[in-house]
Amino acid sequence: MLFSKRLLSPRRSGITIVSGCDRIRFKSFVNHKLFADVNGANYVWSFMLRREGMNPYLRKIEIIQAALGADEWVFWLDDDAYFTDFSWRLIPYVERFAKFDLVICKSPVNQGAWTFVSSGQFFLKSTRRSAQFLDAVRKVKLDDVKKWWDQEKYGMYTNGDQDAMVYVLSTDSRFREGDFFTRLEYTEFNSREFHYRDAPNEHRLLHLASSSKTKEQLLSEFRDRFELNEFLIPPEHLEGIDITSYSNLNLALPG
Ligand SMILES: [Mn+2]
């Protein structure tokens, strides 16, 4: 294990928030960074280089591997996820689940579709077992997962890191539910836009995922509905922050 020495001495009670993509699709990194500052957390945005013949989703696992060990916890979140409740304190929250190494949510049922877990956001503790888990996920062959997949049991197959994680969590006895990991309800930190009724801080985290609308559509509808800035940051948290360069940043449409 390359990082085993470092893993034994993480910063206690610290947390690193990690996100990234193979391109800049959203300005969510401004949202993440501000939220990290408010939480006294470290924030890393990682650029994943696409490689021929390699599933781009699995590069995420390498990035989490690199981040693990610096702090007691890593919190991964996708670039299509935004913090919406800025009073959420990650450390006291995750300490409630400190006996687990992996704290992850189930997905909601979204137009009939659901998944066993949602790998778009989760806490991972800096332990040797977590490192072994990431190693196991990285070694999974998605072709094998596809053959093994049972839709009744695990929900929708998405052909990425999520399915590899589900496979390892369900077949490798080192990583049992209730011991290595706990699956929380989606309401904890995996909400969709339609769960928000009256206010953007009703839920902790918005994950832009739908089969009928693009993520850009979901984001702009959410902004309009609650009259939010493009970073979905409460205005009081933007005081004193020079956001000009982020506001002026033009993002190419995803392709
Ligand atoms: Mn996502």
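Of the 255 residues of the protein chain, what percentage count as buried? The share is 37%, where buried stands for 20 or more other C-beta atoms within 10 Å of a residue's own, exposed for 12 or fewer, and partly exposed for the range in between, with C-beta atoms placed from the backbone. This is a predicted model, in which local features need pLDDT of at least 70 and side-chain atom pairs count only at pLDDT 80 or more, while totals for chains, interfaces and linings use all residues. Residues are numbered from 1 along each chain as its sequence is written.

Next, select Ile 64, Val 74, Phe 75, Leu 124 and Val 168, which touch the most other members of the 58-residue largest nonpolar core, a set of buried Ala, Val, Leu, Ile, Met, Phe, Trp, Tyr and Cys residues joined through C-beta atoms within 7 Å. Helix 8 (residues 161-171) gives this core its largest share, six residues.

Stay with Phe 75, and, leaving out residues up to four places away in sequence, show its contacts with Ile 15, Ile 17, Leu 90 and Phe 123, a contact being two C-beta atoms, placed from the backbone, within 7 Å.

Finally, select Ile 91 in helix 4 (residues 90-95), which is partly exposed, with 16 other C-beta atoms within 10 Å. Apart from neighbours within four places in sequence, Ile 91 is in contact with Ser 13 and Ile 15.

Notes:
Helix = DSSP H or I, 4+ residues; strand = E, 2+ residues; numbered from the N terminus.
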